[in-house]
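Please keep the structure in view as you read.

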Amino acid sequence: MKHLVSILCMLLFFIGVNAQETNKLIIDAKPGGVVINKNIYGHFAEHLGRCIYDGIWVGKDSKIPNINGYRTDIVNALKEMQIPVLRWPGGCFADTYHWMDGIGPENKRAKMMNYHWGGVVENNTFGTHEFLNLCEMLGCEPYISANVGSGSVVEMTQWIEYVNSDKDVPMANLRRLNGREKPWNVKFLGVGNESWGCGGNMTPDYYVNLLRNYSEMAGIYGQWKLQQIGCGANGADYNWTDVVMKQRPGGMSGLSLHYYTIAGQSWGDKSPATGFEKKYFFSGLEKALKINELVEKHSAIMDKYDPKKQVGLMVDEWGIWTDVEPGTEPGFLFQQNSIRDALIASVTLDVFNNHADRIKMANIAQTINVLQAVILTEGSKMVLTPTYYVFKMYNVHQDAKLLESKLICEDYEMDGKKIPTLSSSVSEDKNGNVHVTITNLNPDKEVTLSVDLVGKTFEKVKSASVLTAPEYNSFNSFDKPEVVKPVDFKNYKKTNASSLSVTIPSKAIVVLELL
Ligand code: AHR
């Protein structure tokens, strides 16, 4: 069927259709066997700024409504978004974290310095129990990152025994003493974070030896039930992927990749999160789209050593990194979130969906109040960001079958630079309904697209919604929380039994359900 799509595309060109004027999405309606792992819609929460404290955890005695210390509004919003997996405790923090400081009676827990993030004192109120119980409450999988940079194999294996053993062994008994009888059955374990940087400044050869050592012991203590995720590359560091894949331990089932979108020219020229000029709108999208090339090049290296695709590419940190909000602590990385950031999220998720043969997990940085957050809080107030709505709209793709598609579209140009105007991905859910997500990146122009399902007819568009905004840099504030919010979408027309014409507003994301 892949061939049929290519033949159809070629035919369009032969009969003289000008790709610059025609926007066309051709979908192969027969699934090819790739499932979009729901964990691609994962999140990341670090002990950084106000992500954990204030964001997720306010403590039982807080006046802010809470369920045993967790903010009720946050728990409800994350459940509603269908969060599938949550990575914790870092980030750079993970390689300074000693999990034993975060268990036992709250008032007896050891304090530590959070060296990376604002130099604040961490009192360890939120520790292993608090995190794993949160995941249980949310119905999501926990993904814990072991400390390789300043920890040890002993520390990691004891943690594994503490969280996963149901035997009469020292760490499981310590857990019981701390009030938890049953293990949590954690499935995902990260072996170090950014070991090429804040996690220990290692070379890939040095790291891969440590990884083999940690991995073997994690396998033994975890009875080979944990999915181990090796530290992967920083952006385009293809040599890192090559070295680690070549010498990887047998127990490693995932390799990470970190990529942050910096809308300006460099880290010193990051865009503001709000009130930015249009050049930062364009360059933010242009930089975000680079993730396609990174995924394809890292995947090609992985294919060389793992042609059966048994090791997943886990993009466990991604998102836009802007200037912090004026007047806030620089080390807390608190930034607002605009429609531009929602578009960055949707095009990135399209890339992940379309490469779901290799990508098995991704975790946007970070859940609450940090970087490209889905939710912001201020005291008892909470605001859902435009990025939150993208995750909610896209949750239809979770565990659905990927449908191969070919998108032909015009370019969006600015200052002599071009990016494709549209982005899309398509899947079929367990009931046979097809979901199409389409993004129009042009901030000034609506775009009409024809959507053709090859090999299947559909009766109607069962539901459709759109997320757009008044301005290219609109955002939701605590005072005006509903500026950017999805609404029902009607601007489509069925053109025949298997086709549709859709007009997508400027700077918008549309999701269609075809029945
Ligand atoms: O997400 C913020 C930081 O970015 C993480 O701690 C680190 O892993 C990355 O450099």
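**Pockets, cavities and a ligand**

The second largest pocket holds about 410 Å³ of space. A pocket here is an open set of points on a 1 Å grid over the protein atoms alone, with protein on both sides within 12 Å along at least five of seven lines, whereas a cavity is a set of points where a 1.4 Å probe fits but cannot get out; lining residues have an atom within 4 Å of a point. Grid points are joined across faces, edges and corners, and a volume is the space filled by probe spheres set on the points. Before going further, note that this is a predicted model, in which local features need pLDDT of at least 70 and side-chain atom pairs count only at pLDDT 80 or more, while totals for chains, interfaces and linings use all residues. Residues are numbered from 1 along each chain as its sequence is written, and side-chain values use heavy atoms, with hydrogens and water left out.

Back to that pocket: 25 residues line it, and Asn 234, Tyr 260, Ile 262, Trp 267 and Trp 321 lie nearest its centre. Strand 11 (residues 252-261) supplies the largest share of this lining, three residues; helices (H or I, at least four residues) and strands (E, at least two) are DSSP runs, numbered from the N terminus. By class, the lining has twelve nonpolar, nine polar and four charged residues, where Ala, Val, Leu, Ile, Met, Phe, Trp, Tyr, Cys and Pro count as nonpolar, Asp, Glu, Lys and Arg as charged, and the others, Gly among them, as polar.

Tyr 260 turns up again beside the ligand, as one of the closest of the 13 residues that surround it, together with Glu 46, Cys 92, Glu 194 and Glu 317; to be near, a residue needs a heavy atom within 4 Å. Which side chains make polar contacts with the ligand's oxygen atoms, counted as pairs of N or O atoms within 3.5 Å? Glu 46 has a side-chain N or O atom 2.7 Å from a ligand oxygen, and for Glu 317 the distance is 2.7 Å. Asn 193 places a polar side-chain atom 3.0 Å from an oxygen atom of the ligand.

The largest cavity holds about 70 Å³, and its lining includes Ala 94, Tyr 97, His 98 and Trp 159. Strand 8 (141-146) and helix 4 (153-164) each give two or more residues to that lining, with helix 4 providing the largest share, three residues.

The second largest cavity has about 50 Å³ of space. Among its 14 lining residues, Arg 87, Tyr 143, Gly 192, Ser 256 and Asp 316 lie nearest the centre. Strand 10 gives the most to this lining, with three residues.

Finally, meet two loop residues. Cys 198 sits between strand 9 and helix 6 (204-221). Leaving aside neighbours within four places in sequence, Cys 198 is in contact (heavy atoms within 4.5 Å) with Cys 92, His 116 and Asn 193. Gln 372 lies in the loop between strand 13 (359-365) and strand 14 (375-378). Is Gln 372 buried or exposed? Gln 372 counts as buried because its relative accessibility is 0%, whereas Cys 198 is partly exposed at 27%; buried means under 20% relative accessible area, exposed over 50%, and partly exposed in between (1.4 Å probe, protein chains only).

Methods:
A polar contact is a pair of N or O atoms within 3.5 Å; within protein, one must be able to donate a hydrogen and the other to accept it, and residues adjacent in sequence count only if both atoms are side-chain atoms.
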